[in-house]
Amino acid sequence: MDLRRLRYFVAVAEARSVGKAAERLRMAQPPLSVQIRKLEAEIGAPLFRRGTRGMDLTEAGQALMARAGEALALAADGAEAARAVASGRRGRLSVGYMFVLANAVLPRLIPELRRSVPGVDLDFVDLSASTREARLLDRSVTVALCMPAIHHPEIQVARIGAQPFMLAMPIRSPLARLGAVPMAKLQGRPLIALPPPERDPASSAVAALLRRHQIVMPIASRVETVHSAMSLVLSGEGLAILPACAKLGAPRGIVFRPLRDASDSIDIAVCWRRDSQSPLIRTFIKCAEKVVARL
């Protein structure tokens, strides 16, 4: 049913006059009469009859009037809901995050998002190096907070910050006595490594750091998450070169030390599908930038 005709019908029913309804609608009377006749033809029954006090509703008209207000209200509500989603005031945002950023970023990011988009439903999904790309591509998450960025032709990236590398080691390690660990001290020591970048393993920031200083660290284990890396470090399996923010989630018994003569860092990035039309992505990036700037 044409919602415009339904609005005309309600105006005539409330005014009990085509002329008065036309004035209220700011239109001429003849076109309004035509629209009412077309509505009656569509329904297959007369909706009005002339009474002593103007236009009275027939039984069919009364039945339509009982539902017309609700239908128009629902249509208006639907239009407003669509505008709210399109403007980013309402909707759903599924946020993927990597464990290394959880303790440093989420406690500040979530309240920031709640303030910025109070009408939006938020979901948070833990990602690993091996799942983050797939989760974005299959739309399981709308945006992903990554370290490092994802390099894929279908994924857009916004760099929002960086974290310096530090050396994670057991507190009993002789290197823990140093305020900063010289790179030369790492030569030959076992390394607990994270997965290299999906599409370009040679671009690993840790591997590049070691190559530049001509340091060889045999890989004792390669694990999926920073959490797993710290567990193996704690057990004495090796050392790990991790972003500084990882120390916020470190278990007791692990210490972090800066690397002397090494200013290398790893990017923090927001990643999303290039074809995503969600207006919430820009809001998320602004909130994430604000939070990461305070790390």
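Visitor: In which sense do strand β3 and β5 pair?

Guide: This is a predicted model. In it, β3 (residues 91-98) and β5 pair in the parallel sense, over three bridges. Within β5, Ala-144 is the residue that Gly-96 stands opposite.

Visitor: And how does β5 pair with strand β12?

Guide: In the antiparallel sense, over four bridges, with β12 spanning residues 265-273.

Visitor: Are the faces of β5 covered or open?

Guide: Both are covered. Strand β5 runs over residues 143-146, with Val-143 and Leu-145 on one side, Ala-144 and Cys-146 on the other, and all of them buried.

Visitor: Changing topic. How many cavities of 30 Å³ or more are there?

Guide: The count is one. About 30 Å³ of space lies in the largest cavity.

Visitor: Which residues line the largest cavity?

Guide: The lining is made by Phe-99, Val-100, Asn-103, Val-226, Cys-245, Ala-246 and Gly-249. Helix α5 (residues 99-116) gives the most, with three residues. By class, the lining holds five nonpolar residues, two polar and no charged.

Visitor: What do the domains put in?

Guide: Domain 2 and domain 3 each supply at least three residues to the lining of the largest pocket. That lining divides into 29 nonpolar, six polar and five charged residues.

Visitor: And the second largest pocket, what volume does it have?

Guide: About 160 Å³. Its lining consists of Val-18, Gln-29, Ser-33, Ile-36, Arg-37, Glu-40, Phe-48, Arg-49, Arg-50 and Met-55. The element that gives the most is α3, with five residues.

Visitor: How do the residues of that lining divide?

Guide: Into four nonpolar, two polar and four charged.

Visitor: Phe-48 is in that list. How many aromatic pairs does a search of the whole structure find?

Guide: One. The partners are Phe-9 and Phe-48, with ring centres 5.4 Å apart and planes at 50 degrees, so the pair counts as tilted.

Visitor: Where in the chain do Phe-9 and Phe-48 lie?

Guide: Phe-9 is in helix α1 (residues 3-15) and Phe-48 in strand β1, so the pair ties together parts that are 39 residues apart in sequence.

Visitor: Is Phe-9 buried or exposed?

Guide: Phe-9 is buried, at 0% relative accessibility.

Visitor: And Phe-48, buried or exposed?

Guide: Phe-48 is buried, because its relative accessible area is 10% and the cut-off for buried is under 20%. Phe-48 is also one of the residues that line the second largest pocket.

Methods. Residues numbered from 1 in each chain as written. Predicted model: local features only at pLDDT ≥ 70, side-chain atom pairs only at ≥ 80, totals over all residues. Heavy atoms only, no water. Buried < 20%, exposed > 50% of the residue type's maximum accessible area, 1.4 Å probe, protein only. Helix = DSSP H or I, 4+ residues; strand = E, 2+ residues; numbered from the N terminus. Pairing = 2+ DSSP bridges. 1 Å grid on protein atoms, 1.4 Å probe; cavity = no way out; pocket = protein on both sides within 12 Å on 5 of 7 lines; lining within 4 Å. Points joined across faces, edges and corners; volume = space filled by probe spheres on them. Nonpolar A, V, L, I, M, F, W, Y, C, P; charged D, E, K, R; others polar. Domains from an automatic or database assignment. Phe/Tyr/Trp six-rings, centres within 6.5 Å; stacked < 30°, edge-to-face > 60°.
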